Amino acid sequence: MRRHNKNHMCALERRETQGDPMSAPTETTAAMTAATPPKTEPSGRVAVSVINMKGGVGKTTIATMLGRQLARSHKVLAIDLDPQANMSQALMGEAGYRAFMDDESPSVVEVFKGYQPPGSAASPAPLDPATVARTVRRVGGELRLIPSRFDFSDNLCEATRTDDQALARFIADGFDDIDIVLIDCAPTESVLTRAAYHTSRYVLVPVRPEFFATIGFPLLHRSLEGFRNQNPGHKLDVLGIVINNAGYDGGNDGGPEKERAMGEIEREAAAHDWRIFSHQISYSRGFPKMMRGDYSWPGNARTSFYPFGKQFRRALSEEGYLL
Ligand SMILES: Nc1ncnc2c1ncn2[C@@H]1O[C@H](COP(=O)(O)OP(=O)(O)OP(=O)(O)O)[C@@H](O)[C@H]1O
Ligand SMILES: [Mg+2]
């Protein structure tokens with residue numbers, strides 16, 4: 001079964017490399033560090049959860065695109081913590097995801113269980129990080145993925161008590177070569193949100209400038225405060241808010257609706273002292289196309305995402321990561 005997976009991974013790598021969606025030249029690390037000296041000493045890998053308690057704001061799209069962009073220069077571990085498994089489908093492709101499900105390959109479900117159950121192994125076996133985190137892309141750096149499964153939520157419901165630190169322990173024990181961990185979160189608060197927090201140093205918050213844009217902010221603020229109070233030794237900060245889908249289809253950049261939403265976002269962000277990234281990600285039909293593996297016409301998706309990817313990387317470099 002492993003050999004089958006390996007062959008399949010090679011096919012994935014070839015496919016992704018051919019239609020590289022993030023092929024714009026990357027800024028050199030030297031140039032970036034010269035421009036913005038880090039506040040702290042370089043401190044190895046960093047983990048960022050992409051989160052918003054509001055659904056459909058672009059969490060999965062942004063986590064996936066960031067993973068692809070950063071993998072050009074760094075070793076990236078993407079973790080799909082959403083039972084919808086959209087990030088896994090995007091990064092593995094439809095056929096790859098189907099094969100992964102058919103093979104009953106290890107996923108984030110087994111990470112929470114803490115072992116590989118009998119089935120593909122003859123008896124319960126320790127989880128091998130190299131098997132759980134499959135390489136989906138190798139161009140310059142590398143992109144690995146711990147995939148999610150549709151039956152993830154069933155598995156969590158069946159467990160009498162899900163260990164919300166299991167993921168953090170699994171990441172802490174291996175993956176020494178990884179530079180950045182990117183976690184795609186589900187929109188509802190659950191044990192998975194706490195698992196994401198335990199594994200993360202920062203959260204990145206995508207927002208769409210629309211009616212009720214900031215409805216998830218107070219919830220997120222309370223949830224972060226609650227986590228910090230219960231885990232005083234754990235530093236967890238909001239890296240920033242990214243405005244997604246900003247220029248609407250039709251080219252009027254959102255008009256008064258967007259203006260109103262932006263005022264609300266700016267007020268709420270200031271109240272919590274959260275930074276707003278200055279580059280806004282435009283609306284583009286290229287995003288859903290690229291998410292389902294069609295790179296034939298990315299539209300302005302690539303050009304509008306790339307500058308945000310650079311700002312994200314610079315923000316982390318200023319904190320002493322990704323140097
Ligand atoms: N900038 C954009 N331009 C056009 N479409 C976009 C853009 N960003 C996201 N989308 C589309 O919007 C939909 C929702 O995006 P996505 O799945 O990334 O959101 P999400 O926050 O992860 O959703 P959920 O809360 O369900 O996990 C998808 O169809 C995606 O392709
Ligand atoms: Mg999602």
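Which residue stands opposite Thr135 in β4? Arg144 does. This is a predicted model, in which local features need pLDDT of at least 70, side-chain atom pairs count only at pLDDT 80 or more, and totals for chains, interfaces and linings use all residues. Residues are numbered from 1 along each chain as its sequence is written, while chains are lettered from A and ligands numbered from 1 in the order in which they are written.

β3 and strand β4 (residues 142–146) run antiparallel and are joined by three bridges. Helices (H or I, at least four residues) and strands (E, at least two) are DSSP runs, numbered from the N terminus, and two strands pair if DSSP finds at least two bridges between them. The open sheet has seven strands in the order β3-β4-β2-β5-β1-β6-β7, with mixed pairing. Its edge strands, β3 (134–137) and β7, each pair on one side only.

Strand β6 (residues 202–207) is largely enclosed by the rest of the structure, because five of its six residues are buried (20 or more other C-beta atoms within 10 Å of a residue's own, with C-beta atoms placed from the backbone). Strand β1 (residues 46–50) pairs with β6 in the parallel sense over three bridges, and Ser49 stands opposite Val203 in β6. β6 also runs parallel to strand β7 (residues 237–243), with six bridges joining them; Tyr202 has Asp237 in β7 as its bridge partner.

Ligand 1 has 19 residues around it, of which Gly55, Lys59, Thr60, Thr61 and Pro288 come nearest (a residue is near a molecule if its C-beta atom, placed from the backbone, lies within 6 Å of it). Two or more residues of this shell come from each of α3 (59–70) and α12 (286–291).

Notes: Buried ≥ 20, exposed ≤ 12 C-beta atoms within 10 Å, placed from the backbone.
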